[in-house]
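Keep the structure open beside the text and follow along.

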Amino acid sequence: MKIILTTLSLLFSIAIVNAQEWHTDFSEAKEIATSSNKPIILVFQGSDWCAPCIKLDREIWSTEEFKTYANEHYVMLKADFPRKKSNKLSEEQTEANKKLAEKYNKQGYFPFVVVLNSKGEVLGETSYKKATPKKYIEEINAFLK
């Protein structure tokens, strides 16, 4: 029994360490970015309707390689625009995401990735690309130089 509990505890710890921490509050993301001296990666997505958004999530954001790197180097901020009723966000979150889009995604592109400094200033922009997590990280990091 003790072995099972130890194993479960270890697996749970690994899952927590490798979990992608997505923020949804811009002010909070800026505070964290300021205190940790990290850039903000703002991702505009349609999680339940946008095929390239879903591919970007599957091929980049959800990979262990990206999650491990991002936890150390970025503050991840998500602005989701789901369409299905079952995935509907709160009115407050929907409004917050609309305000982010008005400022940083005026063209309404999906997916759209904006690299920001801790003050919210744009350092670079990208979108879905068929790339490895390593190459995508390199592209993001090129905006930081």
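## The disulfide

Let's begin with a sulfur link: the bridge of Cys-50 and Cys-53 is right-handed, with 75 degrees about the S-S bond. Bear in mind as you read that this is a predicted model. The two sulfur atoms of Cys-50 and Cys-53 are 2.3 Å apart, and the pair is joined as a disulfide. Cys-50 and Cys-53 are both buried.

How many disulfides does a search of the whole structure find? The search turns up one.

## Thr-63, between two helices

Next, move along to Thr-63, which sits in the loop between helix H3 (51-61) and helix H4 (64-73). Is Thr-63 buried or exposed? Its relative accessible area is 18%, and because buried means under 20%, Thr-63 counts as buried.

The side chain of Thr-63 has a polar atom 2.9 Å from the backbone oxygen of Ile-60. If you set aside neighbours within four places in sequence, Thr-63 is in contact with Arg-58 and Pro-133.

## The largest pocket

Now for some open space. Rolling a probe the size of a water molecule over the atoms shows where empty space is left. Here the largest pocket holds about 160 Å³ of space.

Which residues line the largest pocket? The lining consists of Asp-80, Phe-81, Pro-82, Arg-83, Lys-84, Lys-85, Lys-88, Leu-89, Glu-91, Thr-94 and Asn-97. Sorted by class, six of the lining residues are charged, three are nonpolar and two are polar. Helix H5 (residues 91-104) gives the largest share of this lining, with three residues.

## Two backbone features

Finally, two spots where the backbone deserves a look. Most residues other than glycine have a negative phi, and most peptide bonds are trans.

Asn-37 is not a glycine, yet its phi is positive, at about 55 degrees. You will find Asn-37 in the loop between helix H2 (26-36) and strand S2 (40-45). With a relative accessible area of 72%, Asn-37 is exposed, because exposed means over 50%.

The other spot is the peptide bond from Phe-110 to Pro-111, which is cis, with omega near -15 degrees. Pro-111 belongs to the loop between H5 and strand S4 (112-116).

Conventions: Residues numbered from 1 in each chain as written. Predicted model: local features only at pLDDT ≥ 70, side-chain atom pairs only at ≥ 80, totals over all residues. Heavy atoms only, no water. Helix = DSSP H or I, 4+ residues; strand = E, 2+ residues; numbered from the N terminus. Buried < 20%, exposed > 50% of the residue type's maximum accessible area, 1.4 Å probe, protein only. Polar contact = N/O pair within 3.5 Å; in protein donor to acceptor, adjacent residues only side chain to side chain. Contact = heavy atoms within 4.5 Å. 1 Å grid on protein atoms, 1.4 Å probe; cavity = no way out; pocket = protein on both sides within 12 Å on 5 of 7 lines; lining within 4 Å. Points joined across faces, edges and corners; volume = space filled by probe spheres on them. Nonpolar A, V, L, I, M, F, W, Y, C, P; charged D, E, K, R; others polar. Disulfide = S-S within 2.5 Å.
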